[in-house]
Each structure stands twice: as C-alpha cells, then as structure tokens.
Amino acid sequence: MKLSLTRACCRSYTFPIFRKPSSVLPRAIFHQSLSSSSSSSLKPKTPLFLRPPKHSATFSDLKKWHDWANTLAYEVGSSFADSDNGPDSSILCRELKWLLEDSLEDNSLIPHLGIENNPNSVKLRIALDELYGLWKERIEKRKPFQYLVGCEHWRDLVLCVEEGVFIPRPETELIVDLVNEVVRDNEQLRNGIWVDLGTGSGAIAVGIGRILGSKGKVIAVDLNPLAATVAAFNAHRYGLQDVIEIQQGSWFETLKGFEGKLSGVLSNPPYIPSDDICGLQSEVGKHEPILALDGGLDGMDDLLHLCNGAASMLKPGGFFTFETNGEKQCKFLVDYLENDCSGSFCNVSIVSDFAGIQRFVTGFRRAL
Ligand SMILES: C[S@@+](CC[C@H](N)C(=O)[O-])C[C@H]1O[C@@H](n2cnc3c(N)ncnc32)[C@H](O)[C@@H]1O
C-alpha cells in the first residue's frame with residue numbers, strides 16, 4: 001500500500017510506516033499527566049525557524065551549498081516516485097527553498113543567491129555544515145522534510161514535530177471543522193470536556209482548543225512520551241496551557257472518573273493494516289513511529305477499541321469523530337456502531353476528506 005500526501009503550494013509530502021512487533025497494542029503503561037507548561041525529562045527540539053540566527057556564512061559558501069543541494073535534488077529525478085510514490089525532483093527543490101527560508105534570518109536575501117561574487121555574509125539559524133548533513137539525510141536516508149526543519153504547517157498553525165512523533169496530515173484538518181460545526185449552536189458541548197486520543201503533536205487538541213467556549217477543555221492523550229512532550233510544547237506555544245491538559249497513557253485508561261461526562265471523543269488512531277506497512281513510502285516506513293501507524297491485522301484494532309470506549313465515556317448527546325483508512329474501514333465501523341454497540345449511538349455517518357475519500361466516521365451518543 002502507498003500512502004502519499006500532497007497539497008498544492010503548501011508544505012506537505014508523503015509518509016511511511018513501521019511494522020509493529022505484534023498486532024496487539026501495548027495498552028496503558030503510563031498514566032502520567034503533563035501540564036502543558038511543565039517540563040518533563042524529555043525536551044522537545046526547537047524547530048529551525050524559532051532558533052536564533054547565531055551562525056553566519058559568506059554568500060558564496062551558501063551558494064555553493066545551495067548548488068550542491070539542488071544538484072542532489074535534480075539527480076533524484078522520478079526514481080523515488082517510481083519506487084514507492086516518494087517525492088520527485090520538483091518536490092525536493094520546493095523543500096530546498098523552504099529549508100533555506102527557515103534557515104536564513106533575512107529571506108529577502110534569497111533572490112541574491114544567484115549573484116556571483118556577492119561579498120556580503122548572511123546570518124543563519126543553523127551552521128552551514130549542518131545544512132550539508134540535513135540535506136544528505138533528506139536525499140540519502142529519505143528523512144521526512146518536516147523532521148529536518150522540526151515543524152509542519154497544519155491549518156493556520158505551525159506545529160513543532162520531531163523524529164519519533166507522527167507528522168500531522170492535511171486530511172486530519174477536517175476534524176476541527178467537524179467539531180466547529182457541532183459546537184457552533186450547542187453551548188453545552190462547546191463548554192464541555194473533549195478528548196483527543198493519540199494526540200501526536202497535539203494538532204487536533206490545539207485546533208479545537210481554540211474554538212471551544214471559555215469553560216471548554218481538551219484532554220490530549222498519547223502513549224508515546226515524546227509525543228506527549230511535543231504536544232505540551234505546541235499547546236503552550238499557542239497559549240492554550242490552561243485549556244489543554246496533556247496525559248501520557250493508553251486511550252481511555254487515564255480518564256477514569258470521566259465515564260458518561262465527555263462532550264466529545266476525537267481520534268486519528270493508527271489504522272494501517274500491518275501487512276500494508278512494508279509498502280509505504282520510505283519517508284513514512286523508515287522514519288515515522290510504528291506506534292502511530294500500525295492498526296493490526298485489518299487496521300481496525302484501535303478503531304474498535306475507541307468505539308467501545310466512546311459508548312461508555314460520552315455523555316448523552318456527546319459527539320465523536322474517528323479518522324479511518326478509507327471506505328472499507330468507514331463502512332465496517334458504521335455497521336459496528338449501529339449493530340454491535342447496544343444502540344449507544346445515533347446519527348452515525350461517513351464524512352469524506354478534501355480528496356473525496358470516505359475518511360471519517362462521526363456520530364452522537366444517544367440521549368437516554
Ligand atoms: C496516526 S497518529 C495521529 C497523531 C495526531 N492525532 C495527528 O492526527 O496528527 C496516532 C497516534 O496515536 C498514538 N497511540 C498509539 N497507540 C496508542 C495508545 N494505546 N494510547 C494512546 N495513544 C496511542 C501514537 O503514538 C500516535 O501519536
């Protein structure tokens with residue numbers, strides 16, 4: 001199976017996956033609550049664009065690096081695309097421009113790179129030899145661009161990400177719109193407690209944290225301690241430390257005491273069938289955390305667990321959205337929610353993503 005993401009003119013690319021050692025997920029080992037302002041023993045890396053411009057290089061040395069990097073990108077041609085739907089030269093050249101933009105203190109200097117014998121020097125946020133190393137990793141190891149620069153543009157947010165943490169995808173952005181629609185005319189839900197299960201970089205949590213009412217709250221949970229740390233960093237960066245509580249743990253296990261009280265349950269869980277993982281793009285398969293990708297034999301392990309949990313955790317009238325792999329999983333989930341969950345849910349429906357692919361299953365906890 002090939003996963004690829006493209007969004008015209010925006011920073012995006014394609015992702016890989018790792019094979020999990022077994023189809024059974026390690027359930028709830030940690031139950032640690034991290035305040036989004038507190039520091040844990042893990043420190044998130046500062047993304048390139050937020051680092052101070054403490055390095056300098058001459059124009060001609062920067063131009064030499066740029067010419068070298070461009071040549072590597074051109075040499076790739078369509079070879080990655082042909083082998084696993086990876087990026088071609090044109091995408092890599094676009095990424096190279098973004099890397100330059102994030103590295104330079106003054107982007108207005110970029111057009112001057114082409115001028116030979118420019119005697120001036122430039123201020124950089126990263127040393128030139130590190131830029132050589134980064135671009136080698138991009139081309140030779142197929143390391144995702146987002147891990148090079150330490151961020152991803154998602155909706156109107158710039159979210160920090162790093163190796164070990166799932167890079168948020170464009171299709172997931174729609175979850176925020178779905179929640180917005182539901183809370184717009186429902187003050188009770190808008191001021192209630194929402195959970196983002198498997199929060200990763202905190203994308204969904206930060207997205208909805210900004211649209212809830214003044215009493216609304218988001219609990220963002222992830223089993224991966226690095227993801228929890230990065231999510232806390234992103235929540236704090238957007239001033240949402242009092243709205244979003246980060247918890248490290250497995251799915252609903254840290255949420256004891258909230259049974260029947262949640263206004264919303266949201267998740268983009270791992271949903272790739274284990275056997276499809278080896279066919280993913282190198283950027284995804286070799287570099288993104290397997291914990292974020294592998295959904296077991298048919299990709300449904302976590303989705304079914306989330307449906308069962310939502311039945312007991314949502315309050316009557318509470319809303320849920322789960323992202324899936326596509327039409328087959330959506331249809332399976334709808335059937336399960338309607339026929340195997342003791343009539344717990346109503347208004348269950350499938351929502352397509354921006355590409356027209358059936359992607360999300362949404363619904364409400366039936367009122368008692
Ligand atoms: C596909 S990623 C989605 C991340 C983020 N919500 C997004 O959309 O960008 C799935 C996330 O679920 C987390 N995860 C996997 N198993 C989990 C579990 N048992 N409990 C909580 N989180 C888990 C992974 O660490 C990963 O961050």
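A residue counts as buried here if 20 or more other C-beta atoms lie within 10 Å of its own. Keep that cut-off handy, and remember that you're looking at a predicted model.

**Stop one: Trp251.** Select Trp251, in the loop between strand S8 (244-248) and strand S9 (262-267). There are 24 C-beta neighbours inside 10 Å, so Trp251 is buried. Check the backbone too: phi is positive, about 40°, although Trp251 is not a glycine. Most residues other than glycine have a negative phi.

**Stop two: Arg142.** Hop over to the loop between helix H4 (128-140) and helix H5 (145-149), where Arg142 sits. Here's another non-glycine with a positive phi, this one near 60°. Is Arg142 buried or exposed? Arg142 has 20 C-beta neighbours inside 10 Å and therefore counts as buried.

**Stop three: helix H9.** Now pick residues 225-237, the 13 residues of H9. At 1.5 Å a residue, H9 should span 18 Å, and the distance between its end C-alpha atoms agrees because that is also 18 Å. After H9 comes Gly239, with a positive phi near 70°.

**Last stop: the ligand.** Select the shell around the ligand: 24 residues, with Pro168, Gly198, Gly200, Asn268 and Ala292 the closest. To see some of the elements behind the shell, show helix H8 (203-209), strand S7 (217-222) and helix H11 (290-293), each of which supplies at least two residues.

Note on methods: Residues numbered from 1 in each chain as written. Predicted model: local features only at pLDDT ≥ 70, side-chain atom pairs only at ≥ 80, totals over all residues. Near = placed C-beta within 6 Å. Helix = DSSP H or I, 4+ residues; strand = E, 2+ residues; numbered from the N terminus. Expected span 1.5 Å × (residues − 1). Buried ≥ 20, exposed ≤ 12 C-beta atoms within 10 Å, placed from the backbone.
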